[in-house]
Every structure is written in structure tokens, then in C-alpha cells.
Amino acid sequence: MKDYKEGNISKNYHSSLTNSIENHIKPYFKSISLKSISPETYQKFINHLFREKKLARNTVLKIHNAIYNCMKQAKKNKRISDNPCEDVVIPGQREQENESLKFIDSDNIPELLNHAYKYGYIYWIFFKVLIETGMRKGEAAALQWTDINLKEKTITINKSLDFQPGNDGEIFGDTKNRKNRVIDIADTTAIALKTHLNFQNQNKLLLNDIYHHDLNLVFCRKDA
């Protein structure tokens with residue numbers, strides 16, 4: 001983690017990876033030396049995650065990928081001669097998993113947005129932008145008005161919101177793949193964001209010093 005991951009992955013992914021290590025990997029392998037981890041030992045670990053831990057297949061895949069990459073690096077460093085993760089069998093069928101996924105039909109989007117509006121206007125505008133741009137929720141939550149060009153109808157995505165920051169100075173992290181991108185937005189999205197900006201400016205005038213002007217967030221509470 002220290003030599004190969006820190007500084008090379010996003011903060012959110014680093015946190016997720018650390019949780020996998022601390023909660024699942026280290027407790028199981030704490031008394032087993034690196035060279036003693038055979039394919040059979042590793043398969044038993046994967047089965048343990050399913051049978052005893054009752055983890056979802058995607059979670060197990062995430063943990064497996066973390067260990068696989070670790071072992072791959074250990075092999076490069078000549079700490080082990082073979083990667084014991086190579087031919088592991090991940091229980092469960094990917095096809096069955098995909099069949100359980102549910103996608104919203106485009107005809108049902110207005111109904112979804114109407115339902116979101118019942119929880120408040122901010123939910124409506126947030127989900128509208130998510131649907132029309134394909135952004136991840138962390139990227140949308142981290143948007144600042146300096147990232148939006150209403151004249152050119154573009155949004156620059158260059159960060160993600162850390163939903164569990166250590167302090168106020170750590171609320172922004174890198175995007176998942178650590179690459180910035182600029183996306184075009186439709187006229188309807190630009191109009192909705194312009195209306196939202198006017199709404200937000202009214203809140204700033206009303207709340208004045210109470211408003212957290214320094215964050216300049218697009219999607220936030222009335223006082224942020």
C-alpha cells in the first residue's frame with residue numbers, strides 16, 4: 001500500500017482498499033507466511049468470504065483483485081515464485097448476477113424525478129444532472145460552480161467528494177480513474193443549472209455570513 005498505491009489511487013479507493021485489508025485480508029492471513037499461501041489455501045479463503053462472511057460476489061471480487069495485484073507485485077519482486085491467485089474459482093454465476101440488476105426505462109425517468117422532488121428540490125436537480133450526464137454521484141456532489149460553463153454548456157469533472165472526510169480540508173478527492181474530463185450538457189440541463197444558480201444566489205443573499213461561500217458547491221444544503 002505504501003510503496004505502490006499511496007499517491008497513485010484516489011482517496012476513496014484507498015479507503016475502500018484499506019477497509020478490505022483490515023477487515024478481511026489481515027485477520028485471515030495474519031498467521032500465514034507469504035510463501036505458504038498456496039492455490040488451495042487461497043481458494044479456502046475465497047470460499048470463507050462466501051460461506052462464513054456471507055459477502056456479495058462483487059465484494060469478494062474486489063478483495064480478490066486487491067490480493068491478486070499484491071501477489072503479482074510480490075512475484076515481480078521475487079518474494080514468491082508463483083501467484084497463488086491465478087486459477088482461483090470465484091463462486092456464483094456472473095450471468096445470474098447480471099440478471100438481477102434492474103435498469104430504469106427511459107420512459108420512467110419523469111416518474112423517478114417526480115418522486116425525487118417529493119424529498120426536496122435539491123434531490124430533483126441532483127438526479128436530473130446524474131441521469132443526463134452519466135456522472136458518478138461522488139463527482140456530481142463535488143461539483144463547484146467554477147467547473148460549470150453555462151455559456152459553452154460544458155462541465156469539467158476533476159474531483160470526487162469524500163463522503164467521510166477526516167476534516168474539512170479533505171472533502172475533495174480524485175476521480176476514480178484520476179483523469180479529468182470535460183463533458184457537454186444538453187440545453188435543458190444548462191437551463192436547469194442556471195435556474196438552480198439563481199435559486200442558490202438568493203439563499204446566499206438571505207443567509208449572508210451563515211452561508212459557506214468558500215465551498216461554492218453546486219449541489220448542497222441551503223446554507224452551504
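Close-up 1. Buried denotes under 20% relative accessible area, exposed over 50%, and partly exposed the range in between, computed with a 1.4 Å probe on protein chains only. As the model is predicted, local features need pLDDT of at least 70 and side-chain atom pairs count only at pLDDT 80 or more, whereas totals for chains, interfaces and linings use all residues. Residues are numbered from 1 along each chain as its sequence is written, and side-chain values use heavy atoms, with hydrogens and water left out.

**Close-up 2. Aromatic pairs of the structure.** A search of the whole structure finds nine aromatic pairs. One of them joins tyrosine 42 and phenylalanine 45 in a tilted arrangement, at 6.0 Å centre to centre and with 40° between the planes. The two residues lie three positions apart in helix H2 (residues 39-51), so about one helical turn separates tyrosine 42 from phenylalanine 45. Both tyrosine 42 and phenylalanine 45 are buried. The pair of phenylalanine 126 and phenylalanine 127 is edge-to-face, with 5.8 Å centre to centre and 80° between the planes. Rings of Phe, Tyr and Trp (its six-membered ring) pair if their centres lie within 6.5 Å; planes under 30 degrees apart count as stacked, over 60 as edge-to-face and the rest as tilted. Tyr42 and Phe45 also belong to one aromatic cluster with Tyr28 and Phe29.

Close-up 3. Histidine 24 is located in helix H1 (residues 11-29); helices (H or I, at least four residues) and strands (E, at least two) are DSSP runs numbered from the N terminus. With 17% relative accessibility, histidine 24 counts as buried. Leaving aside residues up to four places away in sequence, histidine 24 touches Asn19, Phe45, Leu49, Lys53, Leu55 and Ile63, a contact being heavy atoms within 4.5 Å.

Close-up 4. Strand E1 (residues 148-149) pairs with strand E2 (residues 154-157) in the antiparallel sense over two bridges; two strands pair if DSSP finds at least two bridges between them. Threonine 154 in E2 is the bridge partner of asparagine 149. Four residues lie between the strands of this hairpin, in which lysine 153 adopts a positive phi near 60°. Strand E5 (residues 181-184) also pairs with E2 in the antiparallel sense, over four bridges, and here threonine 154 stands opposite aspartate 184.
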